[in-house]
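Here's a quick tour for anyone opening this structure for the first time. Have a look around before reading on.

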Amino acid sequence: MFRRRLDGLAETRLGALRRVTSGEAPTLEAILEAFVEPALALASDRLGGSAFMRVLARAYAEHDQSLRRFLSDNYGYVLKNFAQAIQDLMPGLDKEALYWRLDFIAGALTYAMSDFGMIKRPPVRSEGAAACTSGTSLAIASASSSVSVCPVCAPSRTPPAVRAPGSTS
């Protein structure tokens, strides 16, 4: 069941990516939507897809190393295809920065679909914020495709060099 669901998710994501990149001028937002939307569709599937995505998200969030290794070994090519599509649009973005930005997006999506944290709390009204509703986790996740453009597009900043203790150069 695990592999069947993940195979379907990978196939759907790559199909969406192919459709986006085969067009005239793919946009970053369209590429990210091709990554996010299939996961959201599976998460809202009432025939076991939503339960599967919650289990997957929780296992991933709990740093299950065997799961991460399995996902990387069997489905890493999916993320590599998305990374390449983004790199084609943003050739000045170095690979390490791109990796961390994609990791951030995947983490935000995982968190939103896992049903824990702020997303699961009862509705509250705070200054300037609307009350949460039952569809909040999917609404937040679906917004992530457009919001996630920001962390991907942000200018790359090279961190200061780390010097060895006692080094003067």
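What follows goes from the whole chain down to a few individual residues.

## The big picture

Keep in mind that this is a predicted model. The chain's secondary structure amounts to seven helices and zero strands. If you read along the sequence, you get the pattern α-α-α-α-α-α-α.

The chain has 169 residues, and 35% of them count as buried. How about its contacts? Take those between residues at least 6 apart in sequence: 72% of them join residues at least 24 apart.

## Two helices side by side

Let's start with H2, which covers residues 28-43, and H4. H4 spans residues 65-89. How do two packed helices get described? By the angle between their axes and the distance between the axes. Here the axes of H2 and H4 come within 10 Å and cross at roughly 175°. Angles over 145 degrees count as roughly antiparallel, so H2 and H4 are roughly antiparallel to each other.

Which residues do the meeting? On the H2 side they are Leu-28, Ile-31, Leu-32, Ala-34 and Phe-35, and on the H4 side Leu-79, Phe-82, Ala-85, Ile-86 and Leu-89.

## A closer look at Gln-87

Gln-87 is part of helix H4. Is Gln-87 buried or exposed? Its relative accessibility is 15%, and buried means under 20%, so Gln-87 counts as buried.

What does the side chain of Gln-87 reach? It gets to the backbone oxygen of Pro-91, at 3.5 Å. Leaving aside residues up to four places away in sequence, Gln-87 also touches Leu-93, Lys-95 and Leu-98.

## Aromatic pairs

How many aromatic pairs does the structure hold? There are three. One of them joins Phe-70 and Tyr-75, with 6.0 Å centre to centre and 65° between the planes, which is an edge-to-face arrangement. Tyr-75 is buried because its relative accessibility is 10%, whereas Phe-70, at 24%, counts as partly exposed.

Tyr-99 and Trp-100 form another pair. Their ring centres are 5.0 Å apart and their planes sit at 75°; planes over 60 degrees apart count as edge-to-face, so that is the label for Tyr-99 and Trp-100. Tyr-99 has a relative accessible area of 46%, so it is partly exposed. Trp-100 is partly exposed as well, with a value of 48%.

Ala-57 belongs to helix H3, which runs over residues 49-61. With a relative accessible area of 4%, Ala-57 is buried. How far is Ala-57 from Ala-112 in sequence and in space? They are 55 residues apart along the sequence and 8.7 Å apart in space, going C-alpha to C-alpha.

Back in helix H2, you'll find Ala-30. Its relative accessibility is 22%, so Ala-30 counts as partly exposed. Ala-30 and Val-20 are ten residues apart in sequence, with 6.5 Å between them in space, C-alpha to C-alpha.

Methods. Residues are numbered from 1 along each chain as its sequence is written. This is a predicted model: local features need pLDDT of at least 70, side-chain atom pairs count only at pLDDT 80 or more; totals for chains, interfaces and linings use all residues. Side-chain values use heavy atoms; hydrogens and water are left out. Helices (H or I, at least four residues) and strands (E, at least two) are DSSP runs, numbered from the N terminus. Buried means under 20% relative accessible area, exposed over 50%, partly exposed in between (1.4 Å probe, protein chains only). A polar contact is a pair of N or O atoms within 3.5 Å; within protein, one must be able to donate a hydrogen and the other to accept it, and residues adjacent in sequence count only if both atoms are side-chain atoms. Contact means heavy atoms within 4.5 Å. Rings of Phe, Tyr and Trp (its six-membered ring) pair if their centres lie within 6.5 Å; planes under 30 degrees apart count as stacked, over 60 as edge-to-face and the rest as tilted. Axes are lines fitted to C-alpha atoms, for helices over the stretch in contact, and angles run from 0 to 180 degrees between N-to-C directions. Angles under 35 degrees count as roughly parallel, over 145 as roughly antiparallel, 65 to 115 as roughly perpendicular and the rest as oblique.
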